[in-house]
Amino acid sequence: SRRHYDFSSESYRAECARIVEAVAGRYGEHPAVVAWQTDNEYGCHDTTISYTDNAVRRFRLWLRDRYRTVKALNAAWGAVFWSQAYRDFEEVDAPNLTVTEANPSHRLDWNRFASDEVVGFNRLQVDILRRLSPGRDVVHNFMGFYTEFDHFDVGRDLDAATWDSYPLGFLDSFWFPREEKARYLRQGHPDVAAFHHDLYRGCGRGRMWVMEQQPGPVNWAPYNPAPLPGMVRAWTWEAVAHGAELVSYFRWRQAPFAQEQFHAGLHLPDRSEDVGAVEARQVAGELKALGALGRCAQAPAALVFDYPGEWLQRIQPQGRSWRWLRLAFEWYAGLRRLGLDVDMVPPDAALDGYRLVVAPSLPMADAAFAARLRASGAVALLGPRSGSKTRDVHIPAELPPGPLQALLPLQVTRVESLRPEIPLTVRVGNAAYPAHSWREVMRTALEPVAVFEDGGGAWWRSGRVHYLATWPGEALLERVLTDLAAEAGLTVEPLPEGVRTRRRGDLAIAVNYAPEPRPTPAPPGAAYVLGGPELPPAGVAAWRAGG
C-alpha cells in the first residue's frame with residue numbers, strides 16, 4: 001500500500017540519490033525554498049526493522065566492522081550458549097524465525113544495525129541537499145512514541161528535528177487507562193505532546209518544528225473523536241511554548257478519496273474552512289501581536305532518554321508489563337506535574353548546568369556516564385535496571401548497577417517481575433505509597449531511604465545520587481521527585497490537574513487540558529499578554545515571567 005522500500009536496499013538508495021539530485025538541482029536555489037524534508041516519517045508502519053537478503057548481507061559487513069574477528073563476536077554474544085558459535089561472519093543470519101528466543105546480543109546488534117541504516121539513508125539525502133541547496137534548513141519529521149531507531153543519531157545530520165503531533169490518536173492508541181482516555185477524550189493527555197516537543201528539541205540540538213499538527217479527527221486510531229473547540233489553538237501554543245519555530249497542520253484540505261478520507265484538514269473537501277483553519281489563524285494573529293519570542297533556555301531538569309536501552313529492554317523485558325517507554329513517559333509527566341521545565345538528553349550528553357538529572361532506566365550505563373553525572377554536581381535519580389547490562393548484553397562482572405557502583409555502593413543480587421495487579425507497598429517514614437511490576441534485592445551497607453513492607457530497601461541514596469529499586473506509582477514518584485527537587489534547590493509548585501506550563505524566554509505559557517475551568521498558575525499581579533487568571537477548557541494564558 002505504501003513504503004515500498006527497505007533501508008538496506010542499495011538499488012533503492014541509488015534511485016533515491018538520483019531523484020534528490022534531480023529535485024534539488026532544479027529547485028535548490030529557488031528563493032521560495034526555505035527548507036527540505038528528507039523522506040517522511042522514517043520507520044512508519046514498522047518498517048525500520050527488515051529481514052531482507054540485502055539487510056542480512058549488509059549486517060554481516062556491519063559485524064565485520066564492529067568485531068573484526070568471529071572470535072570477538074562469539075565472545076560478545078555468548079554464542080557458546082545453545083551451541084550458536086560461528087566459524088565465519090557469512091554464517092550469521094537475521095535473528096528472526098527462530099524456534100524460540102533468539103540470542104539477545106544478536107537481536108540488539110540487529111537493532112543497532114537497523115538504526116545505523118536509517119542514519120545512512122538520511123545522510124545520503126542530506127549531503128546532496130547541502131551541496132545543491134546551501135543555506136536552507138534540512139529536517140525530518142519523526143513520529144510519536146516511536147523508538148525503533150536512534151533519533152539523536154539521525155538528528156545530528158539535521159538542522160532541526162520536526163515531528164508529527166496527533167494528541168487524540170496517541171491517547172487512544174497507547175497504554176493509557178480507560179478512565180484517562182475518557183477524561184481527555186477530546187483534548188489528549190496533558191503530557192503527550194509536551195513529551196515529544198522536549199524529546200525532539202533535544203534531537204534537534206535545540207531546534208524543533210511540528211510538521212504535522214492534528215487539525216481535527218484522524219482516521220488511523222482505534223477510535224477518532226473530534227478535538228474540543230479551542231484545542232487546535234491550545235496544541236499550537238503549547239508547541240510554541242516548548243520551542244517550536246514552526247507549526248504546520250496536516251492536512252491543508254481533507255482528501256475525498258483513498259485511504260485517508262476520514263483524516264480532517266484545515267479545509268473540508270469542498271475547500272471551505274473547517275474549525276482548525278479558524279483556530280490556526282487565531283494563533284497566527286496572537287503571535288504576530290506578541291512579536292519576537294525568546295528561545296527555550298536550558299531547563300533545570302534533564303531526563304536521560306536512551307534509545308538502545310529501550311531496544312534492550314524490549315528484547316529482554318523479564319516481565320510482560322515492563323515497557324521502558326512507558327516508564328520514561330511517567331517520569332517525565334511526574335516532573336511536569338510539579339511545574340518543572342525538562343530537557344531530554346541522550347546518555348552521552350554533557351550534564352553541566354542541570355540541577356536535577358533523572359534516568360528512568362539506563363541499562364547500559366558506563367563509567368563515562370557516571371563520571372559526567374558526578375562532575376555535573378546535579379542531584380540524580382536512577383531508576384530500576386540501571387547499569388544492569390554491558391554493551392554486549394551481559395550481566396556485569398561486578399553485578400548491577402555495574403559502573404554506577406562508583407556513585408552508589410550497592411549490588412543488585414536478585415530481580416523479580418510481578419503481574420501489575422500484585423501490590424507492592426513502599427514506606428517512606430510513616431507514609432505508605434503503591435509501587436508495582438518490579439522489585440530488586442540489594443546487597444549494601446547503605447541504609448535505605450524507603451522500604452518495602454517486608455523491610456527490603458526500595459529507595460537508596462549515596463550523596464546526591466538516588467536509586468529506585470521498583471516501578472513507582474504516581475504518588476511515590478511525586479514524593480521522590482519533590483524531595484529531590486528541594487535537595488537540588490528547585491522550587492516546585494504542583495499544578496492544578498490538567499494544567500501544564502512551560503517557559504520560553506521571559507514568557508510563561510499555561511494550557512488547560514482538563515474538561516473543567518482551572519486557575520491559571522501565575523504569580524499574583526502577573527502581567528498577562530494572553531488569557532487571564534482563569535483557564536477555560538482548552539484555554540491558554542501567557543504572562544511575562546522575567547529573564
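Mentor: Before we start, two strands pair if DSSP finds at least two bridges between them, and strands (E, at least two residues) and helices (H or I, at least four) are DSSP runs numbered from the N terminus. This is a predicted model, where local features need pLDDT of at least 70, side-chain atom pairs count only at pLDDT 80 or more, and totals for chains, interfaces and linings use all residues. Residues are numbered from 1 along each chain as its sequence is written, and side-chain values use heavy atoms, with hydrogens and water left out.

Trainee: Over how many bridges do E3 and E4 pair?

Mentor: Take E3 as residues 160–165 and E4 as residues 208–213. Thr162 stands opposite Trp209 in E4. The two strands run in the parallel sense, and the bridge count is five.

Trainee: Which strands are the edge strands?

Mentor: The open sheet has five strands, paired parallel in the order E1-E2-E3-E4-E5. An edge strand here pairs on one side only, which leaves E1 (35–37) and E5 (244–249).

Trainee: Is H8 roughly parallel or roughly perpendicular to H12?

Mentor: H8 (residues 192–203) and H12 (residues 324–337) pack at about 100°, axes 10 Å apart. Axes are lines fitted to C-alpha atoms, for helices over the stretch in contact, and angles run from 0 to 180 degrees between N-to-C directions. Under 35 degrees counts as roughly parallel, over 145 as roughly antiparallel, 65 to 115 as roughly perpendicular, and the rest as oblique. So H8 against H12 is roughly perpendicular.

Trainee: Which residues of H8 meet H12?

Mentor: Contact means heavy atoms within 4.5 Å. On the H12 side, look at Leu325, Ala328, Phe329, Tyr332 and Arg336; they meet H8 through Val192, Ala194, Phe195 and Asp198.
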